[in-house]
Amino acid sequence: MRDHFEVRDHDAAGRIGRLEVPSAGVTVETPALLPVVNPNVLTVDPSRLRGEFGAEMLITNSYIIRSTDRIRDRVLDEGIHGFLGFDGAIMTDSGSFQLAEYGEIDVTTAEILEFQRRIGSDVATPVDVPTPPDANRDRAERELATTEQALTDAEATETGEMLVNAPVQGSAYPDLREAAGRHAAGTDLDVFPVGAMVPLLNAYRYDDVVETVTAAKRGLDPDCPVHLFGAGHPMSLALAVALGCDLFDSAAYALMARDGRYLTVSGTEHLAEMAYFPCSCPVCAEHTPEDLRAGDDDTAERLLAEHNLHVTFEEVRRIKAAIRAGNLLELVDRRARGHPAMLDGYRALLDAADRLEATDPVSKDTFFYTSHESARRPEVRRHHGRLDRLSVPDSILLTESKTPSTHDYDAVWRVKPPFGPFPRSLSETYPLTAEVPDRVDAAARRAAAEGVRRLADANPDAAITLGHDGWPDRVLDRLPDRVETENLRELGR
Ligand SMILES: [Zn+2]
């Protein structure tokens with residue numbers, strides 16, 4: 001049991017949690033966004049991050065501090081909190097990123113952890129090896145062994161109250177990620193970054209992101225706080241939270257601003273091409289795109305970075321509210337419309353609906369059927385699983401609307417796409433209170449037909465009649481032959 005992390009609310013695999021950071025005297029509510037602060041380039045002054053933006057934690061790079069003569073002694077002297085002027089929690093990276101970029105660094109895990117402790121880091125990182133997603137298997141295995149050795153070295157290092165990251169690597173090999181997750185969860189380390197995701201995120205390979213994180217999560221324990229390294233674009237946060245990630249860092253807010261890019265929850269825009277700001281943050285309320293283009297470049301970069309942070313923190317709050325209300329998957333569904341690659345990510349998430357189902361609350365706010373992907377949500381799956389256990393009399397009518405008067409039945413149940421059949425006594429319970437459009441789509445009817453099939457298979461001796469509102473043959477073909485069907489629309493009443 002990891003006593004510094006507590007999960008409070010669930011929706012899908014997403015959760016609201018509390019991460020206690022003892023050396024900072026801070027409890028961070030998750031999902032949390034950690035702005036990345038480059039100690040050499042303070043695009044937005046860190047002293048503003050907590051009060052103005054709501055950042056409870058930030059991340060900076062201890063390797064850069066250690067390698068930069070100009071600041072190292074000052075940081076050792078003042079401590080990292082004093083140097084940055086930030087009184088929340090501070091996570092520090094170790095130089096692993098530099099290792100991945102340049103091939104080598106001149107520091108061991110023991111040395112960099114000791115340095116992180118001396119500068120007063122609250123969550124430190126060992127020197128893991130971020131293997132890129134398209135590496136061959138030999139390399140991925142070899143580098144994973146090095147990462148696992150770094151975790152062992154970290155366990156052996158005296159770190160006091162400081163929390164320590166246990167990065168999960170393994171490139172894009174699901175079995176390696178799962179094994180890495182299991183190994184990391186077996187250490188006494190504290191926070192679990194899923195590493196080397198930046199190439200996937202930058203290439204918009206969101207389906208691969210989902211599969212990689214899902215594999216890592218299978219190995220990790222449910223009480224492990226999970227950090228999705230490099231996932232700071234507001235567009236992708238709802239999806240990443242629904243997967244079960246708790247911490248995110250954003251370098252994007254500053255890097256994008258440097259290129260004149262403006263983040264939104266549905267993608268990235270270019271300042272050069274914008275006529276209006278579609279946002280009401282303090283920056284966008286007080287400036288027009290033309291103002292920023294006409295002013296000096298440094299100011300424009302800072303203001304863009306501030307907007308990028310505002311819109312990202314706003315999305316984090318929206319996600320937390322969605323978890324509380326139980327409509328996180330509706331939010332993911334909306335975000336998936338921003339870019340086809342996000343839709344791939346959402347569809348990959350639904351492929352893992354069995355895992356989502358394990359943590360998805362049994363009851364929440366009304367289920368909204370908002371796209372044909374909704375037919376694959378865990379609630380539909382759970383209802384189908386329940387159909388196997390419901391007892392059915394000798395003859396039963398399942399009806400989508402009216403009752404044909406030509407027969408007598410022992411019972412009449414309702415049928416509602418995408419769930420399928422259920423006894424009327426359940427009609428006021430979640431998720432059967434769902435709001436479904438009148439113009440039902442084929443995916444919802446297919447899922448409902450699957451429910452009818454499940455009920456028929458579980459009750460081989462029952463006489464089952466389905467009254468439907470004009471389902472096409474390609475949907476009806478999915479039913480066992482012994483289910484009689486009647487098109488209620490053709491009854492003409
Ligand atoms: Zn704005």
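Residues are numbered from 1 along each chain, following the sequence as written. Because the model is predicted, local features need pLDDT of at least 70 and side-chain atom pairs count only at pLDDT 80 or more, while totals for chains, interfaces and linings use all residues.

**View 1. Two domains in one chain.** The chain is split into domain 1 (5-357) and domain 2 (366-491), with bounds that come from an automatic or database domain assignment. Their C-alpha centres sit 43 Å apart. Where they touch, domain 1 gives 11 residues and domain 2 gives 10 residues; a contact means that the C-beta atoms of two residues, placed from the backbone, lie within 7 Å.

**View 2. The side of domain 1 that touches domain 2.** Which elements give two or more residues here? They are α15 (328-336), α16 (340-351) and α17 (353-359); helices are DSSP runs of H or I with at least four residues, numbered from the N terminus. The largest share, 4 residues, belongs to α17. By type, this side has 6 nonpolar residues (Ala, Val, Leu, Ile, Met, Phe, Trp, Tyr, Cys or Pro), 5 charged ones (Asp, Glu, Lys or Arg) and no polar ones (the others, Gly among them).

**View 3. A look at Asp-365.** Find Asp-365 in the loop between α17 and α18 (378-387). Ile-323 is 42 residues from Asp-365 along the chain, and their C-alpha atoms are separated by 10 Å.
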